[in-house]
Amino acid sequence: MPYPFWRTWWFLLLAMMLLAATIYSAYRLRTRSIEARTRELEAQVTMRTSEVEQRREIAEGLREILVILNSSRSLEESLHYIVDQAARLTDAEDAIIFRQEHETQDKQLDTVKQVDPVSIVATNPGGQIRYTPGAALLAITKEWIADGLSSKQPLIMPSLADYWSDHPEVRPAALAVHQALLGVPLHLGDEIYGGLLMFYTSERSFSADELELGSTFADQAALAVANDRLRAQAEETAVATERNRLARDLHDAVTQTLFSASLIAETLPLIYENNELEGRNLLQELRQLTRGALAEMRTLLLELRPIALEESELPDLLLQLSEAVTGRTGVPINTTIEKPCELPTQVRIALYRIAQESLNNVMKHARASEVNVNLGGCSEGEIVSLSITDNGRGYDTDAISSDRMGLKIIHERAQAIGAELSIHSEPGEGTRVEVFWRAPSDE
């Protein structure tokens with residue numbers, strides 16, 4: 001009986017079908033593995049990008065604090081600003097800076113707004129809230145002063161509910177919304193000045209990064225206190241010596257920008273591999289950050305060495321200021337110098353400060369995508385003009401007090417040199433700040 005060849009073809013067909021099924025199964029498994037890896041990489045990129053944005057916001061907040069500390073603001077204003085930034089950048093509901101009274105041995109709280117023996121300035125998206133918690137906060141703080149503040153130990157309370165259950169006699173209704181507390185010591189060298197307390201609305205465990213960030217804000221507050229004490233010193237030579245010391249310390253301000261640059265550099269290879277266009281954008285941002293760090297360092301050196309600031313020409317100061325802002329924020333600052341001329345020292349410094357405060361306002365409030373700085377001067381009649389124009393959201397000048405948004409500083413600077421100041425802004429139309437200074441006549 002001849003062998004049935006159809007059986008051979010049948011087995012061959014069956015084998016091919018099994019092989020095809022095996023190949024398809026392996027392909028599907030490989031595809032799913034690739035898809036899972038892709039999703040994992042995308043999640044890593046998203047997480048790292050979020051971290052970069054968060055670090056960048058923190059670095060910007062710390063840089064703004066350094067600008068405030070290096071200005072002529074009072075200690076009260078500086079500490080108030082630091083409290084606001086600490087609450088905003090740590091997601092705290094309320095924050096307070098207190099001072100330990102050494103002379104009277106009275107462990108009384110002293111806050112940035114001296115309304116009552118204990119006063120809290122709270123920061124949230126809705127605005128600022130002030131109230132007096134009284135004995136409860138005093139009880140917590142006195143225990144910290146007695147047990148851990150002198151040894152520079154942080155106060156960590158992941159659950160305030162546990163503390164209230166152990167101390168029902170001091171539990172207040174006003175603080176019931178607070179569920180966790182983080183306190184960091186505020187010290188000046190070996191001296192314990194006080195501390196920074198941050199309250200949270202939910203129980204939480206505090207990471208090492210959060211403790212480090214809280215310590216950074218406490219260090220900024222300590223620097224504000226140190227600056228205030230320097231200004232109170234009578235001898236000019238002692239002030240100059242301390243200013244030189246602070247100049248070296250404040251060099252660290254540049255590291256905030258470089259820190260952001262380093263985070264971008266770490267994330268860049270992964271982002272570039274997944275999205276070349278986004279990678280190129282980050283490369284450009286990295287270039288702006290490094291250039292901005294250089295300009296920022298020069299600006300800080302000028303700020304901390306008044307003689308160097310007085311000796312610098314106004315066009316150079318404006319160009320450097322514009323480059324620092326662009327490098328830090330990415331917003332293009334178009335600076336035009338029409339006709340440089342000789343100006344008295346106090347006029348140069350006042351115009352520079354007006355430009356500086358105006359640009360700070362633009363970066364913080366305007367949401368502008370382009371800014372123009374124009375210096376024109378030495379025209380007929382010895383008139384010098386300075387204008388700062390942005391294409392941001394603008395505001396209603398009738399509804400905004402001249403004491404807000406740095407406008408008071410701008411008005412005071414212009415008034416000090418006898419300049420004419422004009423501020424024009426409308427909602428949705430941007431803002432234009434113009435200053436005109438006329439050289440006094442010899443008559």
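How many bridges pair S9 and strand S11 (residues 431–438), and in which sense? Eight bridges link the two, in the antiparallel sense.

## About the model

This is a predicted model, in which local features need pLDDT of at least 70, side-chain atom pairs count only at pLDDT 80 or more, and totals for chains, interfaces and linings use all residues. Residues are numbered from 1 along each chain as its sequence is written, and side-chain values use heavy atoms, with hydrogens and water left out.

Helices (H or I, at least four residues) and strands (E, at least two) are DSSP runs, numbered from the N terminus. Two strands pair if DSSP finds at least two bridges between them.

Let's start with S9, which covers residues 383–390. Strand S8 (residues 371–376) runs antiparallel to S9, and six bridges join them. Within that pairing, Leu375 has Leu386 in S9 as its bridge partner. On the S11 side, Asp390 stands opposite Thr431.

## Strands S1 and S6

Strand S1 (residues 94–99) is antiparallel to strand S6 (residues 191–200), and six bridges join the two. Ala95 stands opposite Met198 in S6. S1 is mostly covered, with five of its six residues buried; buried means under 20% relative accessible area, exposed over 50%, and partly exposed in between (1.4 Å probe, protein chains only).

## Tyr163 in helix H4

Now for a helix: Tyr163 lies in H4 (residues 160–166). Tyr163 counts as buried because its relative accessible area is 8%.
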